[in-house]
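Let's take a short walk through the charged pairs of this protein. Open your viewer and have the selection tool ready.

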Amino acid sequence: MKYTPTPVRRGLRTIGENIRNQRKLLGLTVTMVAERAGISAPTLSKLENGQGAGLDATLAVLKVLGLMEGVVTATDPYETDVGRLRAAEKLPERVRVPKFED
């Protein structure tokens with residue numbers, strides 16, 4: 001079994017709980033959300049229980065629940081302090097580790 005770091009497990013659990021709570025606040029069943037997201041009910045249950053799912057399935061569920069835009073915005077690097085400070089800089093095509101001479 002693949003090792004998952006504790007902070008990631010906590011994040012999965014919290015996101016799962018948030019998805020479950022939003023679904024319930026909207027009065028939707030697992031079956032209804034799963035069908036609208038194009039995934040199986042067991043996949044949604046895994047997601048809600050903090051076991052994770054593929055990014056495409058997760059985003060589909062978030063879209064159904066009206067939460068996707070917030071997640072997409074949260075991943076915008078220009079919304080971070082560093083991103084705002086470096087916004088005027090041109091992004092490199094590739095990021096390379098500098099070679100140090102001995």
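How exposed is R86, in relative accessibility? Select R86: at 47% relative accessibility, R86 counts as partly exposed, the class between buried (under 20% relative accessible area) and exposed (over 50%), computed with a 1.4 Å probe on protein chains only.

A word on the ground rules. This is a predicted model, where local features need pLDDT of at least 70, side-chain atom pairs count only at pLDDT 80 or more, and totals for chains, interfaces and linings use all residues. Residues are numbered from 1 along each chain as its sequence is written, and side-chain values use heavy atoms, with hydrogens and water left out.

Next, select R84 and D81, whose side chains form a salt bridge at 2.8 Å, N to O. Both sit in helix 6 (residues 81-85), three residues apart, about one turn of the helix; helices here are DSSP runs of H or I with at least four residues, numbered from the N terminus. D81 is exposed at 56% relative accessibility, while R84 is partly exposed at 46%.

Finally, select E48 and R23, joined by a salt bridge of 2.6 Å, N to O. E48 lies in helix 3 (residues 41-48) and R23 in helix 1 (residues 6-25), so the pair ties together parts that are 25 residues apart in sequence. Both E48 and R23 are buried.

Key
A salt bridge is a side-chain nitrogen of Lys or Arg within 4 Å of a carboxyl oxygen of Asp or Glu. Helices (H or I, at least four residues) and strands (E, at least two) are DSSP runs, numbered from the N terminus.
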